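Here are my notes for someone opening this structure for the first time. Keep the viewer beside you and take the points in order.

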Amino acid sequence: MENKKNYKAASFWALFIVIFAAVPLVKTSDYQLMLANHILLWGMFAVAFNMLFGLTGMLSFGQALYYGLGAYAVGMTVRYMGEAWFLPAIGAGLVAAIILSILVGLLTIRLSGVFFTVLTLAFGQLVWQIVFTCYHITGGDDGIQGIIPPGVLSNRVVYYYFALALVLVSLWCLRRLVDSPMGLLLRCIRQNPERVRFVGGQVRRNQLRIYMISSFFAALAGALMAGVDNSIHPDMLYWTTSGEVILMAVLGGIGRFFGPFIGAAVIIVIGEVVGARTEFWPLIIGLVMMVMVLLLPRGLAGEFQLLRARLASATNGNRG
Amino acid sequence: MDLSFIFMQFLSGLTMATLLFLVASGLTLIFGVGNVFNFAHGSFFMVGAYLAYQAVSAWHTHFWPAILVAALGAGILGMLAESLFLRRIYGRAEEGGFQILLTYSFILVIDDLVKLIWGTEYKSLQRPAGLTGSIEVGSLTIPAYNLAIIGIGLVVVVLAWLILSRTRSGRIARAAAVDREMLGSMGVNVPLTMTLVFGIATAMGGFAGGLAAPLRSVTPGAGIEVIIDSLIVVVIGGMGNFWGAWLGALILGEVNAFGVATVPEWASLFNYLVMVLTLIFKPEGLFAPRRIRKV
């Protein structure tokens, strides 16, 4: 059984890698490459967000803060110090995300449930407001354009593989984390924090850790996104970005590791079909969210698995 | 900075505090009684403002009937939202998260519907006849409309408190907060109670939105600003704490008014500053009774 499970997981990863590695070979336009890159980075962002919500049960409405922080670290460094600093800027963004997530986490994790959600939202809006107000430094509403990665990375295909490699390493780390003793403890915290305390587990400390980890990968996604779009804008910090990543996770399924990734792919494809910047985009994602919460709370991945299990038991029942 | 200037700022802070309190108390009412966190509460505020505008500009009613339309409309919309959607997820595992997600979808849907109906331009509403001027007291000029809002707010606060603490309906609401199952077995229609409480709370939001419409222009997307501000109020005052919410609103309103007067471009950050300071020094809210800290 264990072997079969490992075999299935390995073949899934292999399929995942083959599909995304093949994109530059079969693409017919740069636009498709960008789309694949968006799916990768949003997918990583959504999986990292789900470490908080799906795994630990902490609904953060402020992960755009770290996503935008990563993006602005890269954007502002390139703007003021030149493109040679692109890679160090990614590192700086990650360090900044860790420091900020410790500070914000220490304040927000003191409260639980809806208060945690709304406080993370408020902190996200606080940083957005600062970026918006300091327009002479950050570019304000216009954001920053012309962020070109240096050297070979300025080639779109090379940059794509660079991002793919980092996303794969990140997803693999997160997968290991879910299966680790800490992952088990986090699942216990989701179900019953009181009992975790009774058996001697550290609830707050582990919540803070996973908050830092999730924020770290959100910042990585944002930093890499700056190189894909060659531009950043304050919307990356705005609360709707947090809302979108939550929708991706819920749509794909918060109970499965790759669920949020699937959700991200679906949302991005829908966004491209109907035009993400149309007036009715919020209405569409609002209705999708409503349907998922009311009718399909397990998400696409979870409901699909349930359906398969039911079919299997139905056919077994017929045989017996 | 002379005395009359300070007094004027104090008064405009008090006006804002009254409106904030009306919204925040609706939020705490739903949370306290129904254990539902209505993330879309600010959207009902916005709907109220638009309905008041609609009544005055298209149906040519006077100002005060328009406010009534705003409150009624928001209340009915709230009852529909509760009975058609929210009710379906009561009792589900990890209900809290799903409540936020569902009410978050309300924000998006209501925002876009408002844009569809009224467009994206700023709307403005005239102050009611008779309250457009100001009252002169010595060297001070007091805008009459601000004074009216503060007065109405006080009346609503006292009325709400009396209803909650002195009447049978208030007792039922408070009992629902403690044990819904028990309340049901005593013969009270609990689902109906929940819908009504939701309706009253959203009507208070819509009422505040209508009252605020002449002071701030009516725009789509106002819902999220209002919900963050009222949440900060609730964090300062302590959730479910009626008088705490009032003092929280007062603090936030005054900080904002004096912030706008001194450093206008940074004023909106002051709200967050108050929130951060509260969280650092007294995370359970300034006016909540000190409880034993959990380890």
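1. Let's start with a term: two residues are in contact if their C-beta atoms, placed from the backbone, lie within 7 Å. By that test, 33 residues of chain B are in contact with 34 residues of chain A. On the chain B side, helix H4 (95-118), helix H9 (222-237) and helix H11 (267-281) each supply at least two residues, and H4(B) gives the most, with 13 residues. Helices here are DSSP runs of H or I with at least four residues, strands are runs of E with at least two, and both are numbered from the N terminus.

2. What is that side of chain B made of? It divides into 23 nonpolar, four polar and six charged residues. For this count, Ala, Val, Leu, Ile, Met, Phe, Trp, Tyr, Cys and Pro are nonpolar, Asp, Glu, Lys and Arg are charged, and the others, Gly among them, are polar.

3. Some ground rules before going further. This is a predicted model, where local features need pLDDT of at least 70 and side-chain atom pairs count only at pLDDT 80 or more, while totals for chains, interfaces and linings use all residues. Residues are numbered from 1 along each chain as its sequence is written, with chains lettered from A and ligands numbered from 1 in the order in which they are written.

4. Now chain A as a whole: it has 14 helices and two strands. Its C-alpha trace spans about 70 × 50 × 40 Å along the principal axes. Of its 320 residues, 44% count as buried; buried takes 20 or more other C-beta atoms within 10 Å of a residue's own, exposed takes 12 or fewer, partly exposed is in between, and the C-beta atoms are placed from the backbone. Among contacts in chain A with a separation of 6 or more, 77% come from residues 24 or more positions apart.

5. Have a look at H7(A), residues 156-179. Its 24 residues reach 34 Å from first C-alpha to last, close to the 34 Å expected at 1.5 Å a residue; the expected span is 1.5 Å times one less than the number of residues. Tyr160(A), Ala163(A), Val167(A), Leu171(A) and Leu174(A) are buried in this helix. An α-helix has 3.6 residues a turn, so residues three or four places apart point the same way.

6. In the loop between strand S1 (144-145) and H7 of chain A you'll find Ser154(A). Why is Ser154(A) partly exposed? Because it has 14 C-beta neighbours inside 10 Å. Leaving aside neighbours within four places in sequence, Ser154(A) is in contact with Ile148(A) and Pro149(A).

7. Over in chain B, H2(B) (residues 41-57) is mostly covered, with 15 of its 17 residues buried. H5(B), residues 144-166, has Tyr145(B), Asn146(B), Ile149(B) and Gly153(B) as its buried residues. Their cover includes helix H1 (3-34), strand S2 (140-143) and helix H8 (190-212) of chain B.

8. Last, the largest nonpolar core: it has 182 residues, and Leu41(A), Phe45(A) and Ala52(B) have the most contacts inside it. Such a core is a set of buried Ala, Val, Leu, Ile, Met, Phe, Trp, Tyr and Cys residues joined through C-beta atoms within 7 Å. Helix H2 (residues 30-56) of chain A gives the most to this core, with 15 residues. Beyond its neighbours within four places in sequence, Ala52(B) has contacts including Ala66(B), Ile67(B) and Leu125(B).
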